[in-house]
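Here's a quick briefing to read with the structure open beside you. Take it one topic at a time.

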Amino acid sequence: MKVAYIFATSRHTVSYVLAKMILPQLEENRHGVDVVGMFFFEDNNYVLMKGNPTGERLHKVAKKTGMLLMGCDQCCYEREIADKLLEGVPIGCFPDLYKALSGNMPDQVITL
Amino acid sequence: MACESACCGNAPRRVVSDLFDRGYRRNRLAPFAVQGATLRDANDLTASFSLDIADDTVRDIRFQVSTCITLIAYSELIVELAAAKGARAAAVLSESDLVSALPDVPLLKRDRAVLAINAFRAALKAAFISQTGEAA
């Protein structure tokens, strides 16, 4: 099964669920599904900044597996980090997300 | 010149996020009488501008564009750079002016500047035709 994650809430979503559960499992090839994309809203976009330890690890996995990483464009502009993201990580809105995923559509979209 | 950085609080700033906030409201206003053609780009985004123009001066500008953050920000930037200028001075505005004014827009999104400026020029052309009866 293929899934996409949307990180919409800002509690332990990135620092715990992503960094301590999903990401290590992806690195160990035992997450159980193919993650084809991750989309980040609000403060969760800070994980996509160059130099962020979790982001750098995520970026490495994405380059290896072809997983899409995308930040919400308005969220990134608002935080003035749109030009400070990891190399090749795009920003966009829903049309951009659907277009980017269209060649590798997930079976489930999971909002965290 | 006033500081436009985040340190200076609520002063209007020319950054994408603030331009979008101002442009979002303008995007919902009814167009002025002099209206340019609606242009569409390869991303299926559309843009049209309308002008309040008198005595060869662009008194005010409105636009109706697709809901894309970057496109609305570039369109609002055109308004702020070109309003109250003479039509010929406004026509000199280019996509490179927009791109250089907002350097944090990623490369993949900068094509919105081309759509916005072409739509604005279409409105200037419509204004010229309505005033002279001739194509520019």
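**Chain A: the overall build**

Chain A has four helices and five strands; helices here are DSSP runs of H or I with at least four residues, strands are runs of E with at least two, and both are numbered from the N terminus. Keep in mind that this is a predicted model, where local features need pLDDT of at least 70, side-chain atom pairs count only at pLDDT 80 or more, and totals for chains, interfaces and linings use all residues. For finding your way around, residues are numbered from 1 along each chain as its sequence is written, while chains are lettered from A and ligands numbered from 1 in the order in which they are written.

- Strands of a sheet pair through backbone hydrogen bonds, either parallel or antiparallel.
- In chain A, five strands make an open sheet with parallel pairing, in the order 4-3-2-1-5. Two strands count as paired if DSSP finds at least two bridges between them.
- Strand 4 (91–92) and strand 5 (108–111) of chain A are the edge strands, and each pairs on one side only.
- Strand 3 (residues 68–72) of chain A runs parallel to strand 4 of chain A, and two bridges join them. Look for Gly71(A), which sits opposite Ile91(A) in strand 4 of chain A.

**A helix pair in chain A**

- Helix 1 (residues 13–27) and helix 2 (residues 53–65) of chain A pack at about 35 degrees, and their axes are 11 Å apart. Axes are lines fitted to C-alpha atoms, for helices over the stretch in contact, and angles run from 0 to 180 degrees between N-to-C directions.
- Their crossing is left-handed, meaning that the near helix is turned anticlockwise from the far one by less than a right angle; clockwise would be right-handed.
- On the helix 1 side of chain A, the contact includes Leu18(A) and Leu23(A), while helix 2 of chain A brings residues including Leu58(A) and Val61(A). Residues are in contact if their C-beta atoms, placed from the backbone, lie within 7 Å.
- By class, this contact splits into seven nonpolar, one polar and two charged residues. Ala, Val, Leu, Ile, Met, Phe, Trp, Tyr, Cys and Pro count as nonpolar, Asp, Glu, Lys and Arg as charged, and the others, Gly among them, as polar.

**Inside chain B**

- Helix 1 and helix 2 of chain B have axes 7 Å apart and pack at about 80 degrees, so they are roughly perpendicular to each other. The cut-offs are under 35 degrees for roughly parallel, over 145 for roughly antiparallel, 65 to 115 for roughly perpendicular, and oblique for the rest.
- The axes of helix 2 and helix 5 (residues 111–132) of chain B come within 9 Å and cross at roughly 45 degrees, which makes this pair oblique. The crossing of helix 2 and helix 5 of chain B is right-handed.
- Strand 3 (residues 46–54) and strand 4 (residues 57–65) of chain B pair antiparallel over eight bridges. One bridge links Ser48(B) with Gln64(B) in strand 4 of chain B.
- These two strands form a hairpin with two residues between them, and Asp55(B) in the turn has a positive phi of about 50 degrees.

**Where the chains meet**

- Twelve residues of chain B touch ten residues of chain A.
- Helix 1 (16–26) and helix 2 (69–82) of chain B each supply at least two residues of the chain B side, and helix 1 of chain B gives the most, with three.
- The chain B side has nine nonpolar, two polar and one charged residues.

Technical notes: Two residues are in contact if their C-beta atoms, placed from the backbone, lie within 7 Å.
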